[in-house]
Protein chains: 2
Amino acid sequence: MKKPAPRNALYAQSGGVSAVINASACGVIETALRSKHIGKVYAGRHGIIGALTEDLIDVGRESAATIRALKHTPAGAFGSARFKLKSIEQNRAEYERLIEVFRAHDIGYFFYNGGNDSMDTALKVSQIGAALGYPVTCVGVPKTVDNDLPHTDCCPGFGSVAKYVAVSTREAALDVASMARTSTRVFVLEVMGRHAGWIAAAGGLAGKGAAEPPHLILFPEVPFEQQKFLARVQECVEAYGYCVIVVSEGAAYADGKFLADAGTRDAFGHTQLGGVAPLVANMVREAHGYKYHWAVADYLQRAARHIASRVDVDQAYAVGRAAVELAVRGVNAVMPTLVRKSSRPYKWVIGHVPLSEVANKEKKLPPDYIREDGFGITAACRRYLEPLIAGEAYPPYRDGLPDYVHIRGVGVRRKLKAEFKV
Amino acid sequence: MKKPAPRNALYAQSGGVSAVINASACGVIETALRSKHIGKVYAGRHGIIGALTEDLIDVGRESAATIRALKHTPAGAFGSARFKLKSIEQNRAEYERLIEVFRAHDIGYFFYNGGNDSMDTALKVSQIGAALGYPVTCVGVPKTVDNDLPHTDCCPGFGSVAKYVAVSTREAALDVASMARTSTRVFVLEVMGRHAGWIAAAGGLAGKGAAEPPHLILFPEVPFEQQKFLARVQECVEAYGYCVIVVSEGAAYADGKFLADAGTRDAFGHTQLGGVAPLVANMVREAHGYKYHWAVADYLQRAARHIASRVDVDQAYAVGRAAVELAVRGVNAVMPTLVRKSSRPYKWVIGHVPLSEVANKEKKLPPDYIREDGFGITAACRRYLEPLIAGEAYPPYRDGLPDYVHIRGVGVRRKLKAEFKV
C-alpha cells in the first residue's frame, strides 16, 4: 500500500516584528524542510493576510543560504500584519476561508508566530478545521518584544530589545555625565511597552544601585505622581550632578490616562500624539529649569539586530524548531515555551503549553520586581533579566553595514477562483 | 650641565562628546606618557572648566589598563564642558587665569580636543602665553560628530554616528516594510546636525537608489518645501508601500526658521522645544492619513560606542597620537588633520593645519553631494561616506553589557590660593 504524501506546512508571522522573529522563522523552516513528515513549506505573505488572500510564498524556492541568513536578519522577511481575526460568531467566513485555502494547498501544519492574539487565532483555526472535517495541526510560536505572554519564562524578541535598551541607557548616561557640569543635566529615554514595564525594567540593567544611572524608571505598573517624580529628579541632580530617566510609553496616571495623552497640541491646535519623553522632559524643565535632552527609540529598539542578545537569538530559533517537532509528533494546539531551570548559571529548556492557556492573557511586571520607591528594579528583577541579554550575536557586515537578507518571495500558484477581501 | 626637567602636559575635552573622543584621549595620553619630552600628564576635569578652576586630574594615577580601555569607552571620561572663552578683549582675565594655572603646574603642552570653537580657544591660549612670557605649545585635536571642521577630510566622532544612523535606518526600514501592509506606512528618524547635513546624509547609506529606504532625507542645506515633500511621501507609499524619512534636526524653511520651532505647544500653552520628527510625521498624517512611527535618536547616536566604526576609532586614536608627536617636535598652534589619499581602496594619512585656519569655520555638505531632487545623496557623497563607516570595533562585554571604563580621577594638589569663578 502506498503511503500518503506528507502534507504541507504554512508559516505566518503576526503583529509587531522583532530583531529575532526571522530567527524563529529560520528554526521553523529549516526543521520543516528537513522533516519527512512535511511536504512543501509555504509562508503567508504579510502573515494571515497572505493566508486569507491565498498569497503564499514558496519557501522551497529560497536558497539554503537565504534561509540561514534569516537568523541574523531583523523584522519580518515574509511580512507581518496587524490583523486580528474576529470571533467565530462575528466572522465565521474568515475562518472558513482559511480552511478553504488550507484545503486547496493541502496545508496540514500551521505555524503561527505572534503574541497572545495570535495564539487565540491559532487555537480557533485548529478548532474550526476539526469542525469542518479538515484537521490541521496548529502550533504557535511565541513572539513579543513586550515579554507579556504567560506560561513562558520569557518571549523571543524581548531579550534583544532589553539588551538594546540597557546598552543605550548605559551609553547615553555616560554622555550626560560628561556634559552635566555646564549643560545637559536630565536625559529621558522613552521605550516601548504599552501595558507592561518589562522593557523599561531592562533599562535598569545599565547601572547597579540607586546612585548609578538610570536614576529613575517610570513603569506602566506604577501610577505616575508628578510631585514625587519631580522631587526625586531634583534629589538626583543635586546628589549626582545629573539624572537619567527611562520612561515606558505606557506610563500613566492613577486614573489610567497615559502621560502621552496629556493634550499636547501642535501649531494648528491638533492633538499631538506620542512622545512621553518630551513631555516628561518639559515637565522637569518647567519645575526645575534643568537643561535636558530626550530620545525616543521606537522601532530602532525592536529592529536592532546589530546588538541582539545571543540567548534571545538561540531561543527564538529553538522555539521555531520545537514548534515543528511538536507538530510532526501530532501535538496540536500548543505553543512551545521557555522554561528556566536556573538563573546563575542560566539554564533553560523548551516546554509547551496548550494554546487555550496562553490566548488573550497578559503578564505584567510582578510587584516584587519593582523597587519600593517605584522608580527602579529589585535584585530579583535583575536576576530574572540579566541572563536574557547575555551574549552577542553579531550579523555579518558588508561595506560597513549589516548584510541583512531579502527573500526572493516566489509566490505559490493560486488554486482558488474566489478572491477574498480583507 | 643638568638638562631641565621636561614640562608637563594638559589634556582637555570640549563641547559635545562622541563615541570615540576617549579614543583620542587614549592616543594623547599613551603617547604623552611614553614621551621623554613630557613630564606629568594631566587632564582638565570637565575640560577648560577644570583648567580655569585648577581642578586637574593626574592621569599618571590611572592604570595602563584604564587608559587603554578609554579606546573602547564612549563619551568624555574626564568630563567635557560647553564653555566658550570670550574674546581676549571681553575677558582677558580668563586667559590670564589659564596661564597662571599652567605656570603653577609647569604646563608646557596643551592639547585641546574639540570643534571649531575649541580650536579658536587653543589658538588664543598659545598667543596669550607668548604675550605673557609663558610659552605653551597648543595643539588641537579634531572632534565633532557634525563633521563640519574645515581642512580635514573628516572628523573623529562622525564616522561612528554615521554608522549608527545608517545601521539604524536600515533596521527600522525593514521593520516598516514588514508592517506596511496593514499598519505603519511612514517612519521618520530624526538625527543630529544643527547646521550641516552630514549625519542625515549618512542615513542615505542604508539603501541604494531612490527605491530603497530611506526614500527621503531632509537636509539643513535644502530649504523645506512642504507641498513638494508631502507629494513625494505619497509617491513613495504608492510605489513601494511605505516611506522612510531621515530628517536632520536642522531642517529649516527657506527663511531659515527651523521646522522644530514651528510653534508646537504643550497642554499649558508653553512652547514645546525639539522634535522635528514628530512634527514631520504629524504633517504627513494631516495630509495623507498614513499611520506613522517616529524616533529621535538624540544622545543614543553619538554615544553608541557598541556600533562604532573601526576606521573612526583608528582615526580618533591617530589624531590624538599625532597631536603629541607634533607638540614634542615643537610644532605649535596646529591641529592634526585626516588626509584622504584614495577612496577605493580607502587610504588616509595624518597631516596638520594651522589653528588659525580652522578656528570658527564650518564645512557644510557640498551641493554635489545632494541629489538633484534635494531628498537624497549622490554617488559622490556615497563614495565619500562609505569608507568612514567601514569596520566594526566592538567593545568587550560583561554580563551582556559593554564593559566601559570609569577613571579614578585622582585630583592634582592645588597650588593657587585664588579661586576662580566660572
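Colleague: Which residues in α8(A) meet which residues in α9(A)?

Modeller: This is a predicted model, to be clear. On the α8(A) side they are Gln226(A), Leu230(A), Val233(A) and Gln234(A). Their partners in α9(A) are Met283(A), Val284(A), Ala287(A) and His288(A).

Colleague: How do the residues of that contact divide into nonpolar, polar and charged?

Modeller: There are 5 nonpolar and 3 polar residues in the contact of α8(A) with α9(A). No charged residue takes part.

Colleague: And at what angle do the axes of the two helices cross?

Modeller: At roughly 75 degrees. The axes of α8 (residues 226-240) and α9 (residues 276-288) of chain A come within 10 Å. Angles of 65 to 115 degrees count as roughly perpendicular, so α8(A) is roughly perpendicular to α9(A).

Colleague: Zooming out. How many helices and strands does chain A have?

Modeller: Chain A has 13 helices and 13 strands.

Colleague: What is its radius of gyration, and what would a compact globule have?

Modeller: Chain A has 23 Å. A compact globule with 422 residues would have a radius near 22 Å, so the two agree. Along the principal axes, the C-alpha trace of chain A spans about 85 × 45 × 45 Å.

Colleague: How much of chain A counts as buried?

Modeller: 60% of the 422 residues.

Colleague: What about contacts across the sequence? How many join residues at least 24 apart?

Modeller: 75%, counting contacts in chain A between residues at least 6 apart in sequence.

Colleague: Switching to chain B. How many of its residues are in contact with chain A?

Modeller: 66 residues of chain B, and they touch 66 residues of chain A. Elements giving two or more residues to that side of chain B include α9 (276-288), β9 (292-296) and α10 (299-303).

Colleague: Which element gives the largest share?

Modeller: α6(B), with 13 residues. By class, the side of chain B that touches chain A has 33 nonpolar, 19 polar and 14 charged residues.

Colleague: What rotation superposes chain B on chain A?

Modeller: One of 180 degrees, with 0.0 Å of shift along its axis and an RMSD of 0.0 Å. That is the relation of a two-fold axis. The same surface serves both copies, as 100% of the contact residues of chain B recur in chain A.

Colleague: Last one. Which residue of chain B comes closest to the rotation axis?

Modeller: Val296(B), with its C-alpha at 2.5 Å.

Notes
Residues are numbered from 1 along each chain as its sequence is written. Chains are lettered from A and ligands numbered from 1 in the order in which they are written. This is a predicted model: local features need pLDDT of at least 70, side-chain atom pairs count only at pLDDT 80 or more; totals for chains, interfaces and linings use all residues. Axes are lines fitted to C-alpha atoms, for helices over the stretch in contact, and angles run from 0 to 180 degrees between N-to-C directions. Helices (H or I, at least four residues) and strands (E, at least two) are DSSP runs, numbered from the N terminus. Angles under 35 degrees count as roughly parallel, over 145 as roughly antiparallel, 65 to 115 as roughly perpendicular and the rest as oblique. Two residues are in contact if their C-beta atoms, placed from the backbone, lie within 7 Å. Ala, Val, Leu, Ile, Met, Phe, Trp, Tyr, Cys and Pro count as nonpolar, Asp, Glu, Lys and Arg as charged, and the others, Gly among them, as polar. The radius of gyration is taken over C-alpha atoms; the globule rule is 2.2 Å times the number of residues to the power 0.38. A residue is buried if 20 or more other C-beta atoms lie within 10 Å of its own, exposed if 12 or fewer, and partly exposed in between; C-beta atoms are placed from the backbone. Copies are superposed by least squares on the C-alpha atoms of residues with pLDDT of at least 70 in both.
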